[in-house]
Every structure is written in structure tokens, then in C-alpha cells.
Amino acid sequence: MAEAKGTILVTGANGGLGSTIAEQIASTPEFSVYHGLYAVRDATAAPALVAALGRAASSSHKHDIPSLDLTKLEDVRKVAETINNHVAAHEIPPIRALILNAGFQDFGKQSWTDDGLETTFAANYLGHWMLTLLLLKSMDKKCGRIVVIGSQAHDPHDQKNDATGAFQEERYKTIVSDAAGFKAIAKGTWSSAEEDASWVSGLRRYAAAKLFLIMMIHELQRRLDRDDALKNICVLGVDPGTMVTGLARLAPWFIRVIVFRIVFPLILRFFPSSGLVRATSGSASDVLDAALSLESHGLFPRDLYLDGRNPIQTSAESRDAEKREMVWAETAKLANLREDETILGL
């Protein structure tokens, strides 16, 4: 069996977009030559991923399924250390693409991690930030790519968010202003379920986490660019659009059943080109194009954000350099990241 070209790591690989990405990797000859690391919360209970890989045409695709709980920083550290050790020992090749796909939306059912952090914040943003910084040492330094799964929700001023009413109030039109505001989001006191028990408060918390992820695209790329050893690693974001996935599993009955199981599938069936709802297969192809293509966006598509495959601008707030630096510094403190844990200067 030929040696793998590189490693592709996908978080949140059990179900929805993640399983579809894994299936396309395993079933496409040009992708199946990569070693797959399909991270799930519990590797002993990942039926969607197992089924997806079982449907794949290629039986020669090398892969592993590590358990990774992004809401637990010590778990993130252990998993990253294991991967780094495997790469250092040449047991798996360097990471060609790190796809930060895992997502969580509480739909008003707010919860906290064992560390006292808001779960939506930890699962979507903090765990991914930490994982990325720890795995930089294992990235392919010649052409590695980090792909962040974004969302239109990160921009309160995007008209596509108007229907939700989540950002109508003036106090929510700007998500974070200072370090105290960042800490309020991290601790779950900003747009809390206590002040608003509806699913809308959960959407705002999700939007904040996605904003921080998109800020990470810009800020991480800036920091990589100034490091001669890391400057060829590219950071991209992809908004996969609205899809029918398990992200709505905690949603109220009307949203979970009527909207996601009836309305959205009907739109997808009868108006597939409308863009209102997208097939996970199409969005998975878009993500893999961003992660691996050397033609679509050039050899080094640095700091690029895509709606599907179309380059678009992220929110004004995400492009605020001073605010991004503040978020980065506060994140490093919150994660208790030590300088010796990452090869990127903090």
C-alpha cells in the first residue's frame, strides 16, 4: 500500500457535514490517499461516521477515529499530544489539512463545561483554538491549510439574519467590545438563557463563538505570516450555508421537526439552486476544495473566507485588528496556554 500523501484531520466527524466530508475523502481517489483522522466526541458511539465510511468506495483509505471532547481543554491537550507524537515518530504523515468542523448550538438550553465555561463558546471556539495552536508543530509547513467552518450568524448586520430577530436590539449589534465583554461571553452571562429563555439567545451565543472563530482566521494568519517557518500555512474559512444536519437536535419541536425535517428538505428538493438550503454533499465538496485544491484559489490562499466557493468579506467587527488582538490575548489566558505548548509565538 502506498504511503499516505498527508493527514486530513476533521473535527465533529460523526454526522452532518463532518461525516459527509469523511465519506468524500474515503471514496474519492485523489483524497483517499491521505490519512484520515476523524475526531468524534466518543469513538465507541459514532454510528453516522462508521456508516459513512462503510459507504465509501475505497477500502484502502487509512484512517483513525480519535475521541475528542472539545469542551474539555485537558482532553484537547491529550489528543493533540498523541497526534503530535504519531507525526514525530513518522507513524502518520504531517497534517495537510486541519478542518475545524465540529459545531454545537443549544437553542436556549444553555449549559456550562466542567471548567465553568459556556458550552457553546467552548465547543465551537475555545477547543478549536487550542487544538489548532497545539497541532501547528505537526502541520505540513510547505502547504498545510487550516479550514474553519464559518456561519452567516457571525455578522449581526447580515440581512440573512434579520428573520431570526436575534440582533434587533442595539446592544446585540456589536458582539464584543472589550475584555470584560469577552469574559461575559465565555462565562455565559452575555445573552444568557436566564434573561432570554428562547432559542434566540442560544443563536446569539452561537454567533459570538463563530465570530471568534472568524477573528481567528484573520489573526492566526497574521501571526503565521511573520514566522518564516510557518508562513506557508494558510488559514481559510468556509460558510457551508444552511443544511439539514443534527445541529438542530436541541431545537424546539417546531424548528427541529417542521423546519428541519419538512420545510428545508422540500426547499432542497424543489429549489436546489436557490441557495436557501444546501445539500451536505455540495458543502462538503466546497470544504475539501478549500482544504486541498491547488487551483481554485491559488497555491497559498491566505486569510480567505468563502461562501461555498465564492470569496466574500467577513463582518466589520471580525476585521477590527485591535479587537482581534484583544480576543486572542484573552483566549490564550483562558486556555492557560503555555509558550512551550505551541511553536507559534504568543
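Mentor: Let us begin with terms: helices are DSSP runs of H or I with at least four residues, numbered from the N terminus, and a cavity is a set of grid points where a 1.4 Å probe fits but cannot get out. Please bear in mind that this is a predicted model.

Trainee: Which helices each supply at least two residues of the lining of the largest cavity?

Mentor: The general idea comes before the case. Rolling a probe the size of a water molecule over the atoms shows where empty space is left. Here, a search of the whole structure finds 1 cavity of 30 Å³ or more, and the volume of the largest cavity is about 40 Å³. Helix H7 (199-225) and helix H10 (321-335) each give at least two residues to its lining, with H7 providing the largest share, 4 residues. The lining consists of Tyr125, Phe212, Met215, Met216, Glu219, Arg324, Val327 and Trp328.

Trainee: How much space lies in the second largest pocket, and which helix gives the largest share of its lining?

Mentor: The second largest pocket holds about 300 Å³ of space. It is lined by 16 residues, of which Glu30, Phe31, Leu288, Leu292 and Ser293 are the closest to its centre. Helix H2 (29-32) and helix H9 (280-292) each contribute at least two lining residues; the largest share, 4 residues, belongs to H9.

Trainee: Let us turn to strands. Are the residues on the two faces of strand E1 buried or exposed?

Mentor: In a regular strand the side chains alternate between the two faces of the sheet. In strand E1 (residues 7-10), Thr7 and Leu9 lie on one side and Ile8 and Val10 on the other, and all are buried. As for neighbours, E1 pairs with strand E2 (residues 35-38) in the parallel sense over 4 bridges, and Ile8 has Gly36 of E2 as its bridge partner. E1 also pairs in the parallel sense with strand E4 (residues 95-100), over 4 bridges, where Leu98 stands opposite Leu9.

Trainee: What does Tyr38 touch, and with which side chain does Tyr38 make a polar contact?

Mentor: Tyr38 belongs to strand E2. Because its relative accessible area is 0%, Tyr38 counts as buried. Beyond residues up to four places away in sequence, its contacts include Val10, Ala13, Leu49, His63 and Ile65. Ile65 is 27 residues from Tyr38 in sequence, yet the two C-alpha atoms are 4.9 Å apart. The side chains of Tyr38 and His61 are joined by a polar contact of 2.7 Å.

Trainee: Where is Glu118 placed, and is Glu118 buried or exposed?

Mentor: Glu118 sits in the loop between E4 and helix H5 (119-135). Glu118 is buried, with a relative accessible area of 1%. A polar atom of its side chain lies 3.1 Å from the backbone nitrogen of Phe121. Among the residues that Glu118 touches, leaving aside those up to four places away in sequence, are Asp106, Trp112, Lys187 and Arg205.

Technical notes:
Residues numbered from 1 in each chain as written. Predicted model: local features only at pLDDT ≥ 70, side-chain atom pairs only at ≥ 80, totals over all residues. Heavy atoms only, no water. Buried < 20%, exposed > 50% of the residue type's maximum accessible area, 1.4 Å probe, protein only. Pairing = 2+ DSSP bridges. Polar contact = N/O pair within 3.5 Å; in protein donor to acceptor, adjacent residues only side chain to side chain. Contact = heavy atoms within 4.5 Å. 1 Å grid on protein atoms, 1.4 Å probe; cavity = no way out; pocket = protein on both sides within 12 Å on 5 of 7 lines; lining within 4 Å. Points joined across faces, edges and corners; volume = space filled by probe spheres on them.
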